[in-house]
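Please consider the following note on charged side-chain pairs. The points concern where the partners lie and how accessible they are.

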Amino acid sequence: MTAASGPPADFQRTTRDSYDAIAPAYAEFSRGELAAKPLERGVLAVFAELAAAGGGGGGLPVADVGCGTGRVTAHLSELGLGLDVFGIDLSPQMLAVARQEHPGLRFEEGSMLALGLPDASLGGLLAWYSTIHVPDEELPRVFAEFHRVLAPGAPVQLGFQVGDEPLRMTEALGREVSLVFHRRQPDRVAGLLREAGLEVVFRVWRERETEGPFPERVPQGFVLARRPREV
């Protein structure tokens, strides 16, 4: 069974169009970011090891949902764990950059509201700073979709900005955009994951990094969960 997709919601259209506008510039801006952030690499390594260990049935693909230019998709693929990683994103232009920079990987256009994947077909799912563009009222639907496509035991890793008020941007990297960054508390995210039927494994909160090449405005949150194994 797959979830049916319909016309994109307003927030999806504005998010897609905004990232289409900045795709090449964003690829240049974010190049080298993971290399400068050891904690983030550690979080991703734990997620990747759990997926590779067969928690989702072994050998099932891992989806990077909201993959953008594919830099994190490629990082997971290059960890040497044998993961079959592919990317999904709303923005055709971000995907075009991803395919150009990482020609050995698969990238598909799609929405996390309706992933178009069979039930229990993923051995892991990463949503790395992609649910930040989803309004609060749509987040339970997104997490229910994550639960649907994950195999029993498979992990899901979220990265997001911590806070209580959203950030709205009308300009980024020299281009006009319309982006809303929804900042959330880790406990609230963990609670919504549980309500979707997922087991929370850990929550990590990192204070904002004000120095270095990638300074941040707010703290960063990371929550790892998994679909429970069937009894």
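**Note on salt bridges**

1. R188 is partly exposed, its relative accessible area being 37%; here buried means under 20% relative accessible area, exposed over 50%, and partly exposed in between (1.4 Å probe, protein chains only). Its partner in a salt bridge is D136, at 3.8 Å from N to O, where a salt bridge is a side-chain nitrogen of Lys or Arg within 4 Å of a carboxyl oxygen of Asp or Glu. D136 is likewise partly exposed, at 37% relative accessibility.

2. The model is predicted: local features need pLDDT of at least 70, side-chain atom pairs count only at pLDDT 80 or more, and totals for chains, interfaces and linings use all residues. Residues are numbered from 1 along each chain as its sequence is written, and side-chain values use heavy atoms, with hydrogens and water left out.

3. E33 and R71 form a salt bridge whose closest N and O atoms are 3.0 Å apart. This pair links distant parts of the chain, 38 residues apart: E33 is in the loop between α1 (10–30) and α2 (38–52), and R71 is in helix α3 (residues 71–77). Helices (H or I, at least four residues) and strands (E, at least two) are DSSP runs, numbered from the N terminus. E33 counts as buried at 16% relative accessibility, whereas R71 counts as partly exposed at 23%.

4. D17 pairs with R16 in a salt bridge, with 3.2 Å between the closest N and O atoms. D17 is partly exposed at 42% relative accessible area, and R16 is partly exposed at 23%.

5. In the whole structure, a search finds 15 salt bridges.
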